[in-house]
Amino acid sequence: MKRGRFLVWLRRTHAWIGLWGAALGLLFGTSGILLNHRNEMKIPLASQHETRQTLVPPMESLQSAEAFEAWLRLNFKLPDAKSRIQKKPGGPVPWGGGQIMQPENWRVTLTTPNLSLNAEYWQGDTEAHIEQKEANAWATLANFHKGSGMSNAWILLTDTLAAGLLVLAITGTLLWSRLHGPRLIAAALIGTTLTASTILMLTTLSLS
């Protein structure tokens with residue numbers, strides 16, 4: 001009786017998680033097929049339109065790299081973009097057989113699915129160099145599919161798809177075995193072999 005109840009629970013779990021996976025799978029499957037067959041379907045290739053400009057930020061935004069990043073968000077209307085700040089400290093560098101003092105350098109990158117902004121500023125200058133790359137519809141679709149420039153909420157949503165596939169694999173295997181000893185042993189053997197092979201492959205790749 002206990003085994004029968006557990007199998008009923010497994011079926012329900014498998015069904016509901018499968019429904020959730022089907023909804024996300026439809027989204028990612030459709031975008032994946034379009035991207036994989038864009039050449040055969042004569043779909044325009046992903047491309048980016050690049051522009052460069054030089055701006056004079058307000059003095060208060062040049063007090064720190066974080067203040068500079070906040071100004072970029074406000075000025076280019078990118079409040080939800082993912083950001084990366086790189087700071088290169090100032091110091092002596094070779095120049096013409098001698099040395100000169102190079103000022104601190106800031107590089108700020110703001111990324112959304114359809115836009116990438118790179119800004120560079122040398123401390124002491126009045127100008128900042130800005131490079132923008134605006135993606136077309138297909139490049140934006142690819143970024144959605146890969147999660148590039150997406151929020152943490154989107155990344156967590158896609159993680160639920162991966163977790164759902166793992167649960168479906170486990171519950172599907174248990175339902176196939178119906179909790180009978182020989183089938184459970186076979187499933188455990190297959191799972192152990194796959195896990196060991198995956199770990200070995202990842203270890204080999206990390207050492208190469």
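Which residue takes a positive phi in the hairpin of E3 and E4? Gly-96 does, with a phi near 55°, and the hairpin has two residues between the strands. Welcome to a predicted model, where local features need pLDDT of at least 70, side-chain atom pairs count only at pLDDT 80 or more, and totals for chains, interfaces and linings use all residues. Residues are numbered from 1 along each chain as its sequence is written, and side-chain values use heavy atoms, with hydrogens and water left out.

**Overall layout**

- The protein has five helices and seven strands, taken as DSSP runs numbered from the N terminus (helices: H or I, at least four residues; strands: E, at least two).
- Along the sequence, these elements follow the pattern α-β-α-β-β-β-β-β-β-α-α-α.
- Of the 208 residues, 27% count as buried, meaning under 20% relative accessible area with a 1.4 Å probe, protein chains only.
- The accessible surface (Shrake-Rupley method, 1.4 Å probe) comes to about 14200 Å², and carbon and sulfur atoms own 64% of that area.
- Among contacts (heavy atoms within 4.5 Å) with a separation of 6 or more, 56% link residues 24 or more positions apart.

**The sheet and its helix**

- Five strands make an open, antiparallel sheet in the order E1-E7-E6-E5-E2, where strands pair if DSSP finds at least two bridges between them.
- Strand E1 (48-55) and strand E2 (82-88) are the edge strands; each has a single partner, so one side of each lacks a neighbour in the sheet.
- From one strand to the next, the twist averages 10°.
- E2 and E5 run antiparallel and are joined by seven bridges, with Ser-83 opposite Leu-110 in E5.
- Helix H2 packs on this sheet, touching E1, E2, E5, E6 and E7, and its direction makes about 35° with that of E5; axes are lines fitted to C-alpha atoms, for helices over the stretch in contact, and angles run from 0 to 180 degrees between N-to-C directions.

**The hairpin**

- Strand E3 (residues 91-95) and strand E4 (residues 98-102) run antiparallel, joined by five bridges.
- Here Pro-92 stands opposite Met-101 in E4.

- Leaving aside residues up to four places away in sequence, Ile-130 touches Leu-72, Phe-76 and Leu-117, among others.

Key: Buried < 20%, exposed > 50% of the residue type's maximum accessible area, 1.4 Å probe, protein only.
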